[in-house]
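Please look through the sequence and the structure first, then read the notes below.

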Amino acid sequence: MNLFKTLEKYQVKKNLRRHEEYFFYNEYRSMLLNIPMYRLFYYDINDEFMLIRANIILRSLLNKKKIEEAVIYAYQQSSFNSKEANDYIKEKMINLPYILEGNNKIYVPIFSRSLNIIYSTNFGKLLKNPYSRLIDHYATAVIDLFDTYNFSLYNSLFSKLVPLYQDEKLLICYHYDFKTVYVINNEGRLDVKIALFDRYLKKPNYTHILERLKEVIDAYLASDREKFYNALINQGFISKKLIFRIKHQEYRFLKRMNKRAR
């Protein structure tokens with residue numbers, strides 16, 4: 001049996017289409033149609049982690065569009081000198097999400113780091129060949145952003161995840177709307193989903209969640225199953241009834257395995 005699948009199965013049901021993340025996705029997902037790599041995996045989704053990833057891509061595409069619009073406008077103004085044009089563009093970028101790598105800001109992570117230099121500082125190149133093709137014909141320049149930028153994407157305003165723990169191999173985050181902990185590996189993929197607040201909890205407590213999750217994360221990282229169960233119960237994330245059900249399933253599973261081994 002899979003512990004985490006069971007937690008997900010008994011979590012209070014959530015309608016993905018009623019969440020703010022989905023409203024955003026539904027409004028802008030047509031932008032994915034221009035990119036075969038993304039259209040294949042992200043245009044039709046029914047999983048919340050895929051929704052989180054799709055929205056990271058969409059925020060990147062929106063950044064691209066807004067920066068390009070600002071560049072085109074600024075460089076068309078005969079009253080602007082180069083400094084005034086750049087100042088105008090940077091003002092339009094103030095509220096855009098980005099990844100910070102040293103002193104470099106990555107505003108369009110669907111592109112490589114080298115192309116992002118153009119979108120963050122060398123704006124004038126966007127109006128000259130070959131870079132001007134990025135405005136309308138950019139599909140071939142798109143990369144696997146999760147493989148390239150991995151943890152940085154989730155630990156930024158490109159997503160609504162809240163980081164809880166990070167080392168070289170793992171990033172552990174919480175999403176308030178989905179009431180779920182996500183364990184992400186260093187390739188930017190999901191390793192484990194820890195679904196909280198099962199249907200048997202009579203009075204779920206949604207306060208101070210991040211502080212309460214510390215005990216749960218410590219137990220997970222220690223690979224201590226019993227400690228993990230106790231932390232989930234002690235902190236009010238999972239009911240005793242569900243943990244009892246899980247332990248009973250584990251007992252029956254081990255009993256069957258022992259019989260087969262004889």
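**Briefing**

Y75 sits in helix α4, which covers residues 48-76. The model is a predicted one. In it, the protein has twelve helices and six strands, and 44% of its 262 residues count as buried.

**Overall picture**

- The C-alpha trace spans about 80 × 40 × 35 Å along the principal axes of the protein.
- The protein has an accessible surface of about 14,800 Å², and carbon and sulfur atoms make up 49% of that surface.
- Among contacts with a separation of 6 or more, 60% are between residues 24 or more positions apart.
- There are 43 positive and 28 negative side chains in the protein. The centres of these two sets are 8 Å apart.

**Surface patches**

- A nonpolar patch on the surface consists of I72, Y75 and L127, which together have about 230 Å² of accessible area.
- Y75, one of the residues in this patch, has a relative accessible area of 34% and is therefore partly exposed.
- A patch of positive charge on the surface is made up of K9, K13, R199, K202, K241 and R245.
- Within that group, K13 is placed in the loop between α1 (3-10) and α2 (20-28). K13 counts as exposed because its relative accessibility is 66%.

**Salt bridges**

- The structure contains 13 salt bridges.
- One of them joins R59 and E21, whose closest N and O atoms are 3.8 Å apart. R59 belongs to helix α4 and E21 to helix α2, so this pair ties together parts that are 38 residues apart in sequence.
- Both partners are buried: R59 has a relative accessible area of 12%, and E21 has a relative accessibility of 2%.
- A salt bridge also forms between the side chains of D44 and R29, at 3.4 Å from N to O. D44 is in the loop between α3 (36-42) and α4, while R29 is in the loop between α2 and α3, so the pair ties together parts 15 residues apart in sequence.
- K193 is buried at 10% relative accessibility, while D47 is partly exposed with a relative accessible area of 24%.
- K193 and D47 also belong to a network of salt bridges that links them with E8, K14 and E48.

**Buried parts**

- Helix α6 (residues 113-120) has buried residues at L115, N116, I118, Y119 and S120.
- Which elements cover the buried residues of α6? The cover includes α4, β2 (104-106), α7 (133-136) and α8.
- N150 is in the loop between α8 (145-149) and α9 (151-154). N150 has a relative accessible area of 18%, so it counts as buried.
- Leaving aside residues up to four places away in sequence, N150 touches L145, N186, E187 and G188.

**Backbone features**

- The peptide bond that runs from N129 to P130 is cis, and its omega is near 0°. P130 is found in the loop between α6 and α7.
- F197 is not a glycine, yet it has a positive phi of about 65°. Its place is the loop between β6 and α10 (209-221).
- H208 is not a glycine either, and it has a positive phi of about 50°. H208 lies in the loop between β6 and α10.
- Which of these two residues is buried and which is exposed? F197 is buried, with a relative accessible area of 2%, whereas H208 counts as exposed at 57% relative accessibility.

Definitions and conventions
Residues are numbered from 1 along each chain as its sequence is written. This is a predicted model: local features need pLDDT of at least 70, side-chain atom pairs count only at pLDDT 80 or more; totals for chains, interfaces and linings use all residues. Side-chain values use heavy atoms; hydrogens and water are left out. Patches are made of residues with over 30% relative accessible area and no salt bridge: like charges are joined within 9 Å, nonpolar side chains (Val, Leu, Ile, Met, Phe, Trp, Tyr) within 5 Å. Accessible areas come from the Shrake-Rupley method with a 1.4 Å probe; for residues, only the protein chains shown count as cover. A salt bridge is a side-chain nitrogen of Lys or Arg within 4 Å of a carboxyl oxygen of Asp or Glu. Lys and Arg count as positive and Asp and Glu as negative; His and the chain ends are not counted. The place of a charge is taken as NZ of Lys, CZ of Arg, CG of Asp or CD of Glu. Helices (H or I, at least four residues) and strands (E, at least two) are DSSP runs, numbered from the N terminus. Buried means under 20% relative accessible area, exposed over 50%, partly exposed in between (1.4 Å probe, protein chains only). Contact means heavy atoms within 4.5 Å.
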